[in-house]
Amino acid sequence: YADKSTAGVSPWLLCFGSLYSYLAFVDVALSGESDFACGSGPYRCFMSAQPFIQMLLSAVLTFALWFWFLRYFVATESRPGDELRGSPFASLGHTCYNLVSPGVFFRVTVFSASFVTLLACGVTFVGSPENVLTFAHICGHLSAVLNAVMWIPQIILTAIYGHRGALSIQWVIAC
């Protein structure tokens, strides 16, 4: 925010992260993993609702990152430039940024979340409880896959940028 720049931040990370958190929320919401047990007092009510609240807020916050990313994205400063000549990742960085714009990533993310929402509504209202649970767990498995791969494009982009950009390679690997 202070630099008003997205240099070094991968739109792949935002796309995968948004979908990961949303799919995990759908899994928790539909599978009943966080049935609210509010009869035992406010603390127990909060504790039983915590997975639901945590995944809902995570999904909302990761989608909110798109606002800042798209607001401060400037194509010329966000693409790896001449400082990468000779880097083994240079051609990969140019390829990633020249193929798809961040707006396309955002639209794919919104379309995917909307599609999952429509499927969830359809399964919930038309399907049996077993179908709802199966759909929830499919969302959970897809979420786990996205969680496992979402940092790979960011690690590559951070390695491409080296010291330049918003994230250090040590921070990204630690995440």
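Predicted model: local features only at pLDDT ≥ 70, side-chain atom pairs only at ≥ 80, totals over all residues.
## Overall make-up

The protein contains eight helices and zero strands. Read from the N terminus, the order of elements is α-α-α-α-α-α-α-α. Of the 175 residues in the protein, 36% are buried. Take the contacts between residues at least 6 apart in sequence: 76% of them join residues at least 24 apart.

The average pLDDT for the protein is 79, and 72% of the residues score at least 70. Helix α6 has the highest mean pLDDT among the elements, at 93. The lowest, 52, belongs to helix α4, residues 90–99.

## Helix packing

The table gives their geometry.

| Helix pair | Crossing angle | Axis distance | Handedness |
|---|---|---|---|
| α1 and α6 | roughly 155 degrees | within 8 Å | left-handed |
| α5 and α6 | about 160 degrees | 9 Å | left-handed |
| α2 and α5 | about 160 degrees | 11 Å | left-handed |

**α1 with α6.** Helix α1 spans residues 11–31. Its axis crosses that of α6 at roughly 155 degrees. Angles over 145 degrees count as roughly antiparallel, so α1 and α6 are roughly antiparallel to each other. The crossing of α1 and α6 is left-handed. On the α1 side, the contact uses F16, L19, Y20, L23, A24, V26, D27, L30 and S31. On the α6 side are V132, L133, F135, A136, H137, C139, G140, L142, S143, L146, N147 and V149. By class, the residues of this contact are 15 nonpolar, five polar and one charged.

**α5 with α6.** The axes of α5 and α6 lie 9 Å apart, at an angle of about 160 degrees. These two helices are therefore also roughly antiparallel to each other. Their crossing is left-handed. Here V116, L119, A120, V123 and T124 of α5 meet N131, V132, F135 and C139 of α6. Seven residues of the contact are nonpolar, two are polar and none is charged.

**α2 with α5.** Helix α2 covers residues 42–72, and helix α5 covers residues 102–126. They pack at about 160 degrees, with axes 11 Å apart. That angle makes α2 roughly antiparallel to α5. From α2, the contact draws on F63, W66, F69 and L70. From α5, it draws on P102, G103, F105, F106, T109 and A113. The tally for this contact is eight nonpolar, two polar and no charged residues.

**M150.** Where does M150 sit? It lies in the loop between α6 (129–149) and α7 (151–161). Is M150 buried or exposed? The cut-off for buried is under 20% relative accessible area. M150 has 10%, so it is buried. Which residues does M150 contact, leaving aside neighbours within four places in sequence? They are L13, F16, G17 and Y20. M150 and F16 are 134 residues apart along the chain, yet their C-alpha atoms are separated by 5.2 Å.

**V149.** This residue lies in helix α6. V149 is partly exposed, with a relative accessible area of 30%. V149 and Y20 are 129 residues apart in sequence. Their C-alpha atoms are 10.0 Å apart in space.

**T62.** Helix α2 holds T62. T62 is buried, with a relative accessible area of 18%. Not counting residues up to four places away in sequence, T62 touches G17, S18 and S21.

Terms used. Residues numbered from 1 in each chain as written. Heavy atoms only, no water. Axes fitted to C-alpha atoms, helices over the stretch in contact; angles between N-to-C directions. Helix = DSSP H or I, 4+ residues; strand = E, 2+ residues; numbered from the N terminus. Parallel < 35°, antiparallel > 145°, perpendicular 65-115°, else oblique. Left-handed = near helix turned anticlockwise from the far one by under 90°. Contact = heavy atoms within 4.5 Å. Nonpolar A, V, L, I, M, F, W, Y, C, P; charged D, E, K, R; others polar. Buried < 20%, exposed > 50% of the residue type's maximum accessible area, 1.4 Å probe, protein only. pLDDT = per-residue confidence, 0-100.
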